[in-house]
Amino acid sequence: MAKTYRPRIPKPFRIPRPMAAQAEGTRFGWLTPDVLSIVAGALIAAVAPLDRLDYVARGLTAAALADAAPSAQVLLVTASPEALREGLCERSLPGLLERGRARGALLIPPADAFCGGAASRAGAMSAASAAGAAPIVRMPPELLRLSAGDVVGFFPLAAGERAPELGALGVSAAPWVLKKAPQSVPAVSLRDLADGQVPASALEGRVAVVAAGAGGVAPQAVATSALPPARGVAAVLGGLLDGGRRASAPAWVPALFVLLAGGLVWIARRRYGSLVATAALFLGVFALAAGQGVLAARAEASLIALPSALFGLAVAFAGVMIVRGLVVQRSVDRAAELIQRAALFRMQGVHTLPDEEFWPRVARLAEQAHPADLVLVAELPAGSWHLRFWNDRQGGGESFVAELRRDVRRPPYSSEQGVPAIRLSRRFLAKQDMPAVVVPLIAFGEIEGYVFFCGPVAEQTFSREPERAEHVGRELALLLRRKRLARTAQGGAGEARGGGSPEDDLVEGARVALDDLQLFGSMLRSAPVGLLYADAFGDVRFVAPEFAKWLRARDVTVPAESASAALPPGSLTLGDVLGATSASDAAVSLSSVMASDDGIELSVSAPEPAVLSVRPLRRESDGSSWIAGYVAALIPVQQAAPVSDNVRPLAVRDAADPLCAFQLGDVVADAVASAARATGRAVRLEPIRGATHALGHRGELGQVLEAFLTDVAGRGLPGHGPVVSVREAPQGVQLSILDVGFGLGLPESALQRVLTAPGSAPAGLEPLGRLIVAVEDSHGHAELKTNDGWGITLTVTLLRAHPRAFVSANEGGKPAAQQNVIAIGRAGPK
């Protein structure tokens, strides 16, 4: 199996992976206020702080689930006060229990006081127990567990003499019991039993709950005649003997339910809103109540702390809804405040401007871009052929127009053939002698409106520069089209939503703010300095202090900045800035900026020499681009000190290529190999003689030598490439290059010029000139020799370098070898 080699990154350069770093940073990101509130609600449900309410709720739950089936375990026996005083209970009760084979009798106070003395009862019970007779037990009052005045269960009794007797009757500790309904417990009168009107067999297998009751009542009212709490004891005992024992549910049951219900509310709040979340809360409450009923009817440990669970669910709901709503409301308020503060600084929201502000600003923009005595802008409403005129002057634009037929399908808005085109019209305005240049604003074949440049100035400009009106018309048409499409999209979205809302306004404001940020990002990327910004209408909205100082020096009124560092619209225009320059009108017009994607640059001299650069900021969408603003930069110009014509400044050498000692043979070998690879021709290198240690700038010599060999190898005849040799001579290290074809047809004067002025070599000999300059910079010299019929030989001589070997003693006392010392031959014995 092939192994993939993965290089190991050194520890200092290791960085955590982006995914790991993000997971580390968001490890506790889920601990949001709403999640913490759900967890808090679950803890409250588990702790159950509402103990008294939980107790009452468990009792009500047990009472609400009472069993209406007739009880076969309990029989309520009532005795009237007259019968009790006559001793009927004491005389007849033991015999009745024996004849009816009853399970026993439970005496409810005050009936127990009339059924014999305590001592005789104790002895009789002991004897009865020994003989196997049914026990007769007095109910202690502390046995009953009451809730809302009703019996709901039995308290556990301390170890005593009555606990075994009560256990024989089936009475045991049970906090809550699903009791029998009072009408479902059979009830008879003790006198009827004693007189034989009711057979004694009715007591068979039952526990007789003997209680005092009213006398002289109908047989069907015997059950309701018993004095409290006899009815409740009989109902609870019947439910207990039928398996109705109930206890508290584990603490984790309500906690788990609150977690699930809180999670459901959280999901509904995040995905569907507050209304669905509230519905989910009511669904959770209904599920809790229904689940309590189902569990309590089937399981023993099933009684939930219902009020505590509801309180925990309320805490979770408050955290999800109220806390999150407060955070969202705070964010909305802060965002609305920021948007309101940024309303003065809004740049791109052209479709949000009302018509009374939008169209006069378009007229001001057109007036800056094209000279005219008067500028009118005509709006073409949707679905109409008649124009509506606008102007930023007092009175609007309607009063300046004398043309009553404002149908764009007729002259002067279109030609005789009905085609809209730029044309000069007269007798169009109220002043009959004032001409008007009619410019239709057409974008993608659709007419968005018209602009009218009126006056003799506009006529002269149009006759001299007709393309200026075309540029202005195209940009204004794109601006109007963008406004119309944005209005249409906004209106359609409003109809789909069924009307606007504060949330929709907030989203729209955030979108506009995002567009402004994108626009300023484009400005920062496009501006060389970024000192002034004007919006799409040509109104300056931001100006730096240095730029404002320059404008004030040229008598341009600059208003004070607002608290948001922005200028109000109309306080300063880009035309005013361009008019402050001293150049000609044609060079500083806004139309020149519109027509150029790269902008214009103007030279200004006062108060200090500088260059004013103005360029448009374009945005692209759906294959079209439009001007979204303008950026201007004032760049100071530093004047250089005058230099004499006969003085050439020295070139500054790179500090990375110092004068050093190197082996010239290695540099030449690398240059020869590179030239051969580049040209595909053979460049011969003679064997190098000597160590060839030279002094010079190694990097520069290697580059110019490679370029020179590539040039001469490319010019040489096929099969006759240059021959290069390196050797040590008495005067220094010499490099010789013999080329048989390089000097063919070259006059002696050309070679002499290269040697005399290598920096100004003739055309074709620049590589040779650069090589000679590099040799001279390395304190060497070059010479050219012509050979009759054998080309030209270039000989370069460099200073010889003598490397020093610094020897230091090692531990054994012997000199240690240095990096520039090479041992030759065998090593001696150690």
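Colleague: In which sense do strands β4 and β5 pair, and over how many bridges?

Modeller: Antiparallel, over four bridges, with β4 at residues 144-147 and β5 at residues 150-154. Strands here are DSSP runs of E of at least two residues and helices are runs of H or I of at least four, numbered from the N terminus; two strands pair if DSSP finds at least two bridges between them. This is a predicted model, so local features need pLDDT of at least 70 and side-chain atom pairs pLDDT 80 or more, while totals for chains, interfaces and linings use all residues. Residues are numbered from 1 along each chain as its sequence is written, and side-chain values use heavy atoms, leaving out hydrogens and water.

Colleague: And what's the bridge partner of Leu144 in β5?

Modeller: Phe154. The two strands form a hairpin with two residues between them, and Ala148 in the turn has a positive phi of about 55°.

Colleague: Switching topic: what's the strand order in the open sheet of five?

Modeller: β17-β16-β20-β19-β18, with antiparallel pairing. β17 (540-543) and β18 (600-604) are at the edges with a single partner strand each, so one side of each has no neighbour in the sheet.

Colleague: How many bridges join β16 to β20?

Modeller: Four, between residues 532-535 and 624-636.

Colleague: Last one: which helix is Leu259 in?

Modeller: α11, residues 252-272. Leu259 is partly exposed at 40% relative accessible area, where partly exposed lies between buried (under 20%) and exposed (over 50%), with a 1.4 Å probe and protein chains only.
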